[in-house]
Amino acid sequence: MLAGCIPGGVTQQGMQPEITEAGTQASAPFEPDIVGSDAPVWESRSVSARAADVIGTQYIVQSGDTLRGIGNRTGAGSEAIAVANALSPPYTLRVGQQLTIPGGRYHAVSQGETGIAIAHAYGVAWSDIVALNALDEPYILRIGQRLKLPQGAQAIGASPSSTNQIASSTARPSRIGALVVNIDDVVTGSQPAIAEGTRVPAARPARAPVSAAVPVSVPSAFVGRFTWPMTGPLLTRYGPVGKGQISNGIDITATRGAPFRAAADGVVSYAGSEVAIYGGLILVSHGDGWVSAYGHAERIDVTRGQAVKAGQVLGAAGQSGYAETPKLHFELRKDRKPVDPLLYLPKS
């Protein structure tokens with residue numbers, strides 16, 4: 001059993017703001033050692049900004065209609081139609097029902113495209129697309145799915161005068177080499193699109209990289225409880241830490257190279273160093289919308305798509321990313337929102 005030692009006084013030294021906050025300076029003395037490291041999955045396929053405009057209208061449900069079919073017929077996304085009409089699964093329709101077809105710009109998803117890359121192609125926040133289309137776990141896009149884009153979406157590098165040309169299928173693919181993402185983006189927008197009905201391979205305990213073209217399965221339900229990923233005094237607690245900054249988790253003092261462990265059973269949904277502020281970062285999906293995050297790793301011993309058990313070593317703590325001292329940054333997120341880990345970890 002892992003336990004946590006929580007001291008009475010906690011310094012602000014290890015505060016970790018979201019990467020969108022200004023004023024954070026990088027001080028990483030080394031890059032993390034990542035087993036089986038590869039390009040991040042969201043860069044596996046470039047995205048052409050080829051969205052089509054749909055005029056808002058009303059639609060009268062006919063015999064045999066389905067929400068998906070109505071979306072295909074009108075050019076709007078079925079998810080956006082469901083949101084506009086307050087429809088819930090299983091989206092039962094009745095003949096003669098009047099539906100609002102929301103107007104706007106829609107992107108048709110192609111094989112292998114990820115939400116992060118789609119958002120970057122139009123210069124918008126992926127979190128806004130998630131909200132507009134009411135996307136939820138496991139956040140696997142389907143080929144042909146139409147995603148409603150936020151207002152102002154346009155191709156990267158396009159001038160305002162050329163916005164109407166974005167619907168053209170000849171629009172050039174966007175460059176995503178300079179893409180910056182945060183933890184929520186990775187959780188919700190890094191899965192590659194696949195054909196509807198395609199089986200997602202089950203996670204395995206073996207450490208073997210999963211192809212960037214293949215989504216990873218996540219548990220359907222959270223079983224058990226959370227345990228401490230490692231022991232040590234806290235540098236930072238969850239919440240406001242002064243100067244307008246907020247910590248989305250806790251920072252645990254660590255000896256460089258000390259092992260840290262999975263806080264609960266789950267599947268590794270990300271293992272890499274592309275979220276710059278955290279350096280070596282591991283995300284584990286636990287089901288029911290729960291995700292745990294482990295940042296500033298010096299070494300990563302697991303790979304994307306690997307099933308892990310509570311207490312299993314995930315890697316070694318270090319000083320990667322923007323860390324000023326060796327430590328482990330630990331977060332718990334429920335339905336995309338960070339929560340105070342101390343409310344869910346065993347008391348010391």
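This note walks through a predicted model, point by point.

1. Ground rules. In this predicted model, local features need pLDDT of at least 70 and side-chain atom pairs count only at pLDDT 80 or more, while totals for chains, interfaces and linings use all residues. Residues are numbered from 1 along each chain as its sequence is written, and side-chain values use heavy atoms, with hydrogens and water left out. Helices (H or I, at least four residues) and strands (E, at least two) are DSSP runs, numbered from the N terminus.

2. The main core. A nonpolar core is a set of buried Ala, Val, Leu, Ile, Met, Phe, Trp, Tyr and Cys residues joined through side-chain atoms within 4.5 Å. Buried means under 20% relative accessible area, exposed over 50%, partly exposed in between (1.4 Å probe, protein chains only). The largest core has 30 residues. Phe-226, Met-230, Ile-250, Phe-260, Ile-282, Tyr-294 and Leu-314 touch the most other members. At least two residues of this core come from each of strand 10 (250-253), strand 13 (280-287), strand 14 (290-300), strand 16 (313-317) and strand 17 (327-334). Strand 14 gives the largest share, four residues.

3. A second core. This one is separate and holds 21 residues. Among them are Ile-118, Val-124, Leu-135 and Tyr-139. In soluble globular proteins, nonpolar side chains tend to be buried together.

4. Helix 3. This helix spans residues 115-122 and is mostly covered: eight of its eight residues are buried. The buried residues include Ile-118, His-120 and Tyr-122.

5. Three strands make it up, in the order 2-5-6, with antiparallel pairing (two strands pair if DSSP finds at least two bridges between them). Strand 2 (52-54) and strand 6 (146-148) are the edge strands, each pairing on one side only. The twist averages 40° from one strand to the next. Axes here are lines fitted to C-alpha atoms, for helices over the stretch in contact, and angles run from 0 to 180 degrees between N-to-C directions. Strand 5 (residues 104-108) pairs with strand 6 over three bridges. There, His-107 stands opposite Leu-147 in strand 6.

6. Salt bridges. The whole structure has 12 (a side-chain nitrogen of Lys or Arg within 4 Å of a carboxyl oxygen of Asp or Glu). Side chains of opposite charge can pair when their charged atoms come close.

7. Glu-196 with Arg-68. Their side chains meet at 2.7 Å, N to O. Glu-196 lies in the loop between helix 5 (183-189) and strand 7 (234-236), and Arg-68 in helix 1 (residues 67-74), 128 residues apart. Glu-196 is exposed, at 57% relative accessible area. Arg-68 is partly exposed, at 30%.

8. Arg-142 with Glu-79. In this salt bridge the closest N and O atoms are 2.7 Å apart. Arg-142 sits in the loop between helix 4 (126-133) and strand 6, and Glu-79 in helix 2 (residues 78-84), 63 residues apart. Buried or exposed, Arg-142 and Glu-79? Both are buried.

9. Arg-256 with Glu-298. Here the closest N and O atoms are 2.5 Å apart. Arg-256 is in the loop between strand 10 and strand 11 (259-261), and Glu-298 in strand 14, 42 residues apart. Arg-256 is partly exposed, at 48% relative accessibility.

10. Ala-307. This residue is found in strand 15 (residues 307-308). Beyond neighbours within four places in sequence, its contacts include Ala-203, Gly-266 and Gln-312.

How values were computed. Contact means heavy atoms within 4.5 Å.
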